[in-house]
Amino acid sequence: MLVNCAGDNFAFTLDLEYGKGAVWHCDNGKLFMGVESEKQTTFYYSYTNMPTKGKINLDGKEILVEGNTWFDKQGGNFNFLSTHTHWEWFSMRFYDNEEIMLFNFPQQNYADGTYIKADKSYHRLNNYSMKPLNSVEVNGYKFSCGWEVDLPNVKDGHYTIIPLIEGQLNLAYFEQLCRIYDSNKKEVGLCFVELLPGVYNKKLDAKLLIKKV
């Protein structure tokens with residue numbers, strides 16, 4: 001894939017290789033959006049580990065970059081304006097060339113996900129628990145911030161996810177880049193987090209969300 005983007009004070013060009021290839025998440029690509037109903041369903045796949053090279057131009061300065069890209073594709077028929085379908089999404093990218101995707105619906109006590117190993121094999125991961133460590137308020141909405149994750153019989157089994165940046169509101173999504181620490185408090189990866197306001201807020205401004213979407 002070749003990605004080109006240009007803005008007022010920035011631009012970037014990135015060349016993405018396919019890496020491990022595509023992964024079907026959850027139940028062979030099928031994910032219930034917090035509610036086990038065919039009316040609240042999406043289909044979801046990713047290229048979770050794409051070797052990437054390119055350049056970024058920021059405020060007139062050119063920066064060469066090299067790393068890995070996570071590419072997502074998801075779509076389906078579900079009610080985005082319902083708090084029941086709002087989620088907390090975690091893309092855990094470990095330094096040992098493995099990834100974990102967690103799609104969590106705390107308000108519904110429903111969770112799903114995928115564990116992608118270094119050898120490109122992967123399997124469904126829906127036996128885990130998450131505990132928020134803190135919270136933050138953005139535009140009048142509460143979001144969780146910092147998490148303890150228990151993953152029985154998966155890798156280290158316990159991880160702590162700590163925000164690296166304050167976060168940003170992108171449309172209706174609150175996003176953060178985080179560090180991942182194992183049970184020995186060693187940094188073992190990075191995690192990008194996407195949080196929706198309906199998880200911890202019972203009332204939403206529907207007009208605002210419709211306008212933003």
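Let's start with charge: the protein carries 22 positive and 26 negative side chains, with the centres of the two sets 4 Å apart. Lys and Arg count as positive, Asp and Glu as negative, with His and the chain ends left out, and each charge sits at NZ of Lys, CZ of Arg, CG of Asp or CD of Glu. This is a predicted model, where local features need pLDDT of at least 70 and side-chain atom pairs pLDDT 80 or more, while totals for chains, interfaces and linings use all residues. Residues are numbered from 1 along each chain as its sequence is written, and side-chain values use heavy atoms, without hydrogens and water.

**Overall build**
- There are 18 strands and 1 helix in the protein (DSSP runs: E of at least two residues for strands, H or I of at least four for helices, numbered from the N terminus).
- The C-alpha atoms fill a box of roughly 45 × 45 × 35 Å along the principal axes.
- Of the 213 residues, 40% are buried (under 20% relative accessible area, 1.4 Å probe, protein chains only).

**Aromatic rings**
- The whole structure holds 16 aromatic pairs (Phe, Tyr or Trp rings, using the six-membered ring of Trp, with centres within 6.5 Å; planes under 30 degrees apart are stacked, over 60 edge-to-face, the rest tilted).
- Trp87 and Tyr173 form a tilted pair, 6.1 Å centre to centre with 50° between the planes.
- Trp87 lies in the loop between strands S6 (61–77) and S7 (88–94) and Tyr173 in strand S17 (residues 173–181), so this pair ties together parts 86 residues apart in sequence.
- Trp87 counts as buried, at 5% relative accessibility.
- Ring pairs link Tyr44, Phe78, Phe80, Trp87, Phe103, Phe105, Tyr110 and Tyr173 into a cluster.

Methods. Buried means under 20% relative accessible area, exposed over 50%, partly exposed in between (1.4 Å probe, protein chains only).
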